[in-house]
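Open the model in your viewer and keep the selection tool ready. The tour goes from stop to stop, with a note on what to select at each.

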Amino acid sequence: MGVNANTPPIAAREHTVESFTREFLRELNFGQGVDLDRASENDKYLALARTVRHYLMERWLETLRNQYSDQAKTVAYLSAEFLLGPQLENSLLAADLDGVANEALAALGISVDDLRGVEIEPGLGNGGLGRLAACFIDSLATKNVPSIGYGIRYEYGIFRQTFVDGRQVETPDNWLRLGSPWEFPHPENAIEVHFGGRTEAVTDGPEGARRWVPAWQVMGIPYNYMVPGFGNGRVNTLRLWSAEATKAFDLQIFNSGDYVEAVRAQTFAENISKVLYPEDSTPQGKELRLQQQYFFVACSLRDFIEQVLPADYDLANLPERITFQLNDTHPVIAVPELMRLLVDERQWDWDAAWAVAQKVFAYTCHTLLPEALETWPVELLGRLLPRHLEIIDRINEEFLAQVRAQYPGDDARVDRMSIFGEHPVRSVRMAHLATVAGFRVNGVAELHSQLLADKVLSDFAQMWPDKFTNVTNGVTPRRFVRLANPKLSGLITESIGDGWITDLERLRELEPLAEDAEFRRRFREIKLANKRRFADVLMQRDGIEIAGDAMVDAMVKRLHEYKRQSLKLLHIVSLYEGIRSGRLPLDQVTPRTFVFGAKAAPGYYMAKETIALINAVGSTINADASLQGRLKVAFPANYNVTLAESLVPAADLSEQISLAGKEASGTGNMKFALNGALTIGTDDGANVEIRKLVGDDNFFLFGMDEPAAATLEADGYHPHAFYEGDRELRAALDMISSGIFANGDASAFAPVVSSLLQSDRFMALADFRPYLDAQTRVEEAYADQEAWSRSAVLNVARSGYFSSDRSIQDYLDRIWGAKPVDQNR
Ligand code: 26Q
């Protein structure tokens, strides 16, 4: 290539210690403006981050150039959340620089590990859905798929959780405060987004067109992030939007002479991307939340159509160039927005526009709980987005005409399927809109997809059976095995080579080694080392002391009644009660550390009470010398991706105990299995598939399955009968009620106890006995360490299916029809 505009800006960087050192010092001196001997830890971290970023830059620019020339089909992953986790380690891995960086900085007296501790992880997501989006963009890049992630650059991510007297207190997550070396703002590419106002007729437009006269507008500023593939030279883009006031917006008000009001109004615009909503199952229908959704979707569609596509692109061919994958219903307002762009702005006939719109959106559903399905009151939607409401209305009219034609006289069906619901107020059902517009609808595990088609969206599945499909979730092996568990990764690579990192099914080659005593010994040694490392992290991070060698029993996930942290707690209390009452001889109790990690939505009362109860039980047990340290409860506050990376490799037992039929998939379950923890779990979500793959002998199944739970619920569930009928359950609940965990205050946890005894929506008491029995099986199995490690190795060897690379391949095959494009041509 000659010297022209496309020449890389700098010659390919040498991966040598000398050149890395030079670049690092240059960043420190000229980027941060400090000398090495005066540099703070943060200075060094920022300089290191920028140095690593240099090495990825040429690849990024090359990927972008190819995107313009290739005309390849692209996947746009639209998600209100990307829970990225720390970036430094992943970037070092992707650029193949960890060795060089370690050596270079060590010579300067700096530890890369220490600098990793400086990074504040971007917590731009609540939990599973946001982390899945992060795993997917990693796999898209690694599998060489032309793709772009679109989302929101929240100024405050998921709140930081602290405990005050055992109760959750939320503090703001100001993740940008020390600088953000991984992002590239492009204010010159700002996009205007409009809100409010009214619509009016147009005389000269195409069929179906109206004019929207909005009342106010904001600007979306794109911030680009690198998404490096592993070992393939591709660097994709994640584009997150930040809201700012527009000039026009300011001027209008400044001209009115009210300076203070104008500055206040600026804040109003910036509020849109200020904070991530921390609710992840009961959407509150808040106006700001809808503003956020429309804001990022409007920016993203316009960006793709006007910036990413060539200027002369014929949008009639859009379905050949793009799939917009809708991560749950949060971005579904994209459907009427595309219609508006085509019909109102580009003067297309309605039918032509609808034909295209129906071929570019696909929808992933992540829930089964009816209360988690988003609806927007028509009053609110019409006030904020009047034109979009009209468009949704017309989509619905034409859709219902189709329903009536196919099912004449079936008015009940029409009501059930309508995009509009009437109770308690007339609202738009976003899942219905997504299903009508999407060319595919998928659930996130086999059982979940089955239940979606059979229950939640059954009318739609009857009408369009081919629209419905499954793509079982996965997790990225780069972050959750290679980075999180370097020792196990080393053992695997030594045994079968390093191909597993991008072809995780190759872990199967480890199966015979489960029979190899020496391999098992090394596997156990690694697990023990990981436990010690985790113990060190807990001590440093939280001042929590745990044994370095006890069984690590982990339940980490958002706090939700359907996930049943209270069932786990009943097990712990039952053990404690058994020991105290003499029923369980102490020397027969397996030494265990129960690890909880859980954030509660700030307004979720019962979840917060449950957190307080876990902490209270933990304090009592941890302080009871008569247990001789055999049982320990560790509940580090603020569970996040960083903590997951040290816990997951240390765990022996993975708790996946949701009521069957409620957890769509789970992805923590996959991370634990891949790192050699055994699962104790119900027949729910992806647990079903994990058990099928690892085998019944290597999985502790218990409890009702989904049909049994549905039957019990239909027949009338009476939790009190279970309380009456089970001595140990009664003793455990009575112990909580006695006040022993609350300095004798018998009323302290009455709400949690009476909720369980009186309604117990998720039937924890019904599954208590089977759960306890399964825990007894766990203890027996754990007593035979050879057999246990054999099972643990088989969990690793047989869980390769749960790579997000496989999920992405399934999306490519079943939904997107896009193809990998080799980067190194
Ligand atoms: C919606 C509207 C208003 C405010 C908040 C929300 C909102 C935000 C986040 C609703 C839901 C979420 C997140 C849901 C979620 O994380 N679901 C999980 O998705 C995982 C990935 O597919 C699954 O593994 C889990 O089973 C599922 O619970």
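Start with the ligand: 19 residues surround it, and the closest are Leu 129, His 366, Asn 473, Glu 663 and Gly 666. A residue counts here as near if one of its heavy atoms lies within 4 Å. Before going on, note that this is a predicted model, in which local features need pLDDT of at least 70, side-chain atom pairs count only at pLDDT 80 or more, and totals for chains, interfaces and linings use all residues. Residues are numbered from 1 along each chain as its sequence is written, and side-chain values use heavy atoms, with hydrogens and water left out.

Stay at the ligand and select Gly 666, where a backbone N or O atom lies 2.8 Å from a ligand oxygen atom. Next select Ala 664: a polar backbone atom of this residue is 3.3 Å from an oxygen atom of the ligand. At Tyr 562, a polar side-chain atom lies 3.3 Å from a ligand oxygen atom.

Now select Asn 470, which lies in strand E17 (residues 468-470); a strand is a DSSP run of at least two residues (E), a helix one of at least four (H or I), both numbered from the N terminus. Is Asn 470 buried or exposed? Asn 470 counts as buried because its relative accessibility is 14%; buried means under 20% relative accessible area, exposed over 50% and partly exposed in between (1.4 Å probe, protein chains only). The side chain of Asn 470 reaches the backbone oxygen of Ala 445 at 2.8 Å.

Select helix H16 (residues 430-437) next. Here 8 of the 8 residues are buried, so H16 is largely enclosed by the rest of the structure. Among them are Met 430, His 432 and Thr 435.

Last, show helix H22 (residues 565-581) together with helix H29 (residues 727-737): their axes come within 9 Å and cross at roughly 95 degrees. Axes are lines fitted to C-alpha atoms, for helices over the stretch in contact, and angles run from 0 to 180 degrees between N-to-C directions. H22 is therefore roughly perpendicular to H29 (under 35 degrees is roughly parallel, over 145 roughly antiparallel, 65 to 115 roughly perpendicular and the rest oblique). Contact means heavy atoms within 4.5 Å; residues making it include Leu 570 and Tyr 576 of H22 and Leu 729 and Met 735 of H29.

Notes:
Polar contact = N/O pair within 3.5 Å; in protein donor to acceptor, adjacent residues only side chain to side chain.
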